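Please have the viewer open, and let's walk through a few packing details together.

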Amino acid sequence: MNGSVTTAQRGGQKKSAPGRTERAARAKRRLTSPWASAIAITIGLLWSVPTFGLLVTSFRGSTKDISSTGWWEAFKFSNWDDFSLEHYQTVLSGAGTSNLADYFINSVVMTLPAVIIPIFLALLAAYAFAWIPFRGSNILFVGIFALQVVPIQVAMVPLLTQYVKLGLNASFWVLWLSHAMFGLPLAIFLLHNFMKDIPRSLVEAARVDGAGHVTIFFRVILPLMVPAIASFGIFQFLWVWNDLLVALAFGGNTPDLAPITARLSDMAGSLGNRWHLLSAGAFVSMIVPVAVFLGLQRYFVRGLLAGSVKG
Amino acid sequence: MKRSVGRAVMAASLGLALAGAMAACADSDDKASKDPSGNGAKVDCGPYQKYGDLKGKSISVYTTFVDTEGASYEASFKDFTECTGAEIKYEGSKSLTADVLGRIEAGAIADVVAFPQPGLLRQAIATGKVLEAPADVATNVDKYWTQSWRDYGSVDGKLYAAPLGASVKSLVWYSPTAFASAGYQVPETWDDLLKLTATITSDGLAKPWCAGIADGEATGWVATDWVEDMVLRAAGPEAYDQWVEHTIAFNDPKIVDSLKEMSKVLRDDKNVNAGIGDIQSIAATTWMDAGTPILDGQCYLHRQASFYGGNFTDAGAKVAEDGDVWAFYLPSSDPSSKPILGGGDFVAAFADRPEVVAFQTYLSSPEWANAKAKATEGGGWTTANNGLDKANLKSAVDQLAYGLLADPSAEFRFDGSDLMPAVVGSDAFWKEMTAYFAENKAEQAVADAIEAAWPKD
């Protein structure tokens, strides 16, 4: 794994190794105290209670019971035969001509390019900002950083106008481009700060060996960037997968384009009278993000610290 | 490195497998439920000939109706598609009211849009992008709708949008069996209704009224409907129009008196909140749950619109005159006048291609109204189009509502909060009515606060 390589290299760079281990030991001592663990576990449990309640509710058959009694009532022996998969069946079968699978596939088609495009562009931009000195790079970087402040809602109508002029309207391009645009400022900022932490000596050594920018980027930088890429990937994935606003504003709520979140919001009906389906729907749409998160979580914590703490 | 790639592949294949499983599962359901109307009968294309041959053309439609409601709209266009060959691209979104103006501005608007509020329609017309209704549509509207409906779709006398669906809000739900066993009669006047309320209270079987106005961020709209109904009855339709157009102030004595009339019913501990709690609980109870105590015999009266019938059906009750639950017209003080509060949607067009004009004309015709009635499986839809054959409506309460709408002696008035400026109609009015229940705020103070929120121009 590249993680150990990075630590070793960084350890040798600025700080002396003994200082680091001492600090690490102190941190370990503090963090592993039984009290801290007990508090962490308690908070974790409290945090999970509503989600667990939602899970229990999604298996309760009777709508009347759901609206009049708490989810814990479902565990009473007299209510045991109330457990059913009925809501899941309704959710998966969809309504009318559409079914949930269409929306699920839309979500996948929307999400993958919307994650890959900003990572690809941001890596190139971050490399330029970190390793290619040019005039005005600082001002440009501050400008990009500041773009994170612009609320999406402000950009919607002008963007949509441009899409219509370009003839891109009502296609996946609109969604991919919008998500890429909204994701880029954070992506560039995060990847740049991570990239800057790569020891200069490493890049210079490669240059001495005759490597150009392209070789340095692919052979030296990219392998070291994997944790940062993965962590931004998770960020962007969760944001795009859970997005409803951008999808509805640019793509519209048609079975051709709308993601699973749009279906979920419609599921309760025009007047909200089938709200009991929402708990089951929420769990169905949660499967993929949870799988992605669990699969990539090792990178997440490491990547979160990217740019914020300098070794 | 290798391992993480392996995991990513695993996650991706898991996702795909899941999608596949869902597709398979949904496919099997599709086969079972193909052709929900179940009529394999040949469509009579006679009435559709006037629209001509529209093969290869497509028309986009944008409405607020989603899920099963949306599906019933799509099903209602089937005959049109079959006979003319035009494809209808349907889009329903609950966020229409929020994003339609932005879409108009950006030029990304559908050919035909169904506006759920005349106020929003006016705002759209003000952009100059809404096209005036074609002559055939105007002819249909004149023929099949009353003048007040035409007026709600017009600006400065020019018709822009034809009415589509309609709902009746002046209804009181009750249980016919509970009424029969206690010997109560359906009241004919407002005073009778107050007397009935007093009788139920003194009989002590249960509190008479149940109510609830909570609805997430839209909490309060149910109470505004109550107020509108009371203004129509206590102050009269003329004062109602002045009130909505703000030629009389919101804190005019007539309006405050109407609020006080409403307090006689809803702000008396003896009358509310049957089967739920005290007066304050009205503000916290969701409108969806507020009427169900009727089914348990814990509540006798619940004022709510015709579309609430679906909620009783979902709860397993039979909605019929001889069933578990039924509704009567909220009576006025004088039986000779019959004001009806209701809502509806209006169809405006943003394109004038021949197929769009044909489709727009079709939507204003009795053929579509009947097709829609037949396509609405569980009921919950009606219209004020008098070309509709009542027998085609699937639910008894829809027929009742249609009967009220078609009654020539009835004076129809559109939901006033939908006509008022948004800062009042969907903000101050909602919030102050919530305070009216939650904080027991005085009628005069409520009216003053809403008047203060009215935009000055």
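In helix H6 of chain A (residues 100-131), A:Leu100, A:Tyr103, A:Phe104 and A:Ser107 meet A:Ile260, A:Ala262 and A:Arg263 of H13(A), where contact means that C-beta atoms, placed from the backbone, lie within 7 Å. This is a predicted model, in which local features need pLDDT of at least 70 and side-chain atom pairs count only at pLDDT 80 or more, while totals for chains, interfaces and linings use all residues. Residues are numbered from 1 along each chain as its sequence is written, and chains are lettered from A and ligands numbered from 1 in the order in which they are written.

**Helix pair in chain A**
- The axes of H6(A) and H13(A) (residues 260-267) come within 7 Å and cross at roughly 140°; axes are lines fitted to C-alpha atoms, for helices over the stretch in contact, with angles from 0 to 180 degrees between N-to-C directions.
- Helices (H or I, at least four residues) and strands (E, at least two) are DSSP runs, numbered from the N terminus.
- Sorted by class, the contact of H6(A) with H13(A) has five nonpolar, one polar and one charged residues; Ala, Val, Leu, Ile, Met, Phe, Trp, Tyr, Cys and Pro count as nonpolar, Asp, Glu, Lys and Arg as charged, and the others, Gly among them, as polar.

**Domains of chain A**
- Chain A splits into domain 1 (15-84) and domain 2 (86-304), with bounds from an automatic or database domain assignment.
- Eight residues from domain 1 of chain A and seven residues from domain 2 of chain A take part in their contact.
- On the domain 1 side of chain A, the elements giving two or more residues are helix H3 (34-58) and helix H4 (63-68).
- H3(A) gives the most to that side, with four residues.

**An enclosed helix in chain B**
- Helix H17 of chain B (residues 366-375) is largely enclosed by the rest of the structure, because seven of its ten residues are buried, meaning that 20 or more other C-beta atoms, placed from the backbone, lie within 10 Å of a residue's own.
- Among the buried residues of H17(B) are B:Trp368, B:Asn370 and B:Lys372.
- The buried residues of H17(B) pack against helices H2 (67-76), H3 (78-84) and H16 (354-363) of chain B.

**Sheet in chain B**
- Three strands of chain B form an open antiparallel sheet in the order E8-E7-E9; strands pair if DSSP finds at least two bridges between them.
- Four bridges join E7(B) (residues 171-174) to E9(B), and B:Leu171 has B:Tyr329 as its bridge partner.

Definitions and conventions:
Contact = placed C-beta atoms within 7 Å. Buried ≥ 20, exposed ≤ 12 C-beta atoms within 10 Å, placed from the backbone.
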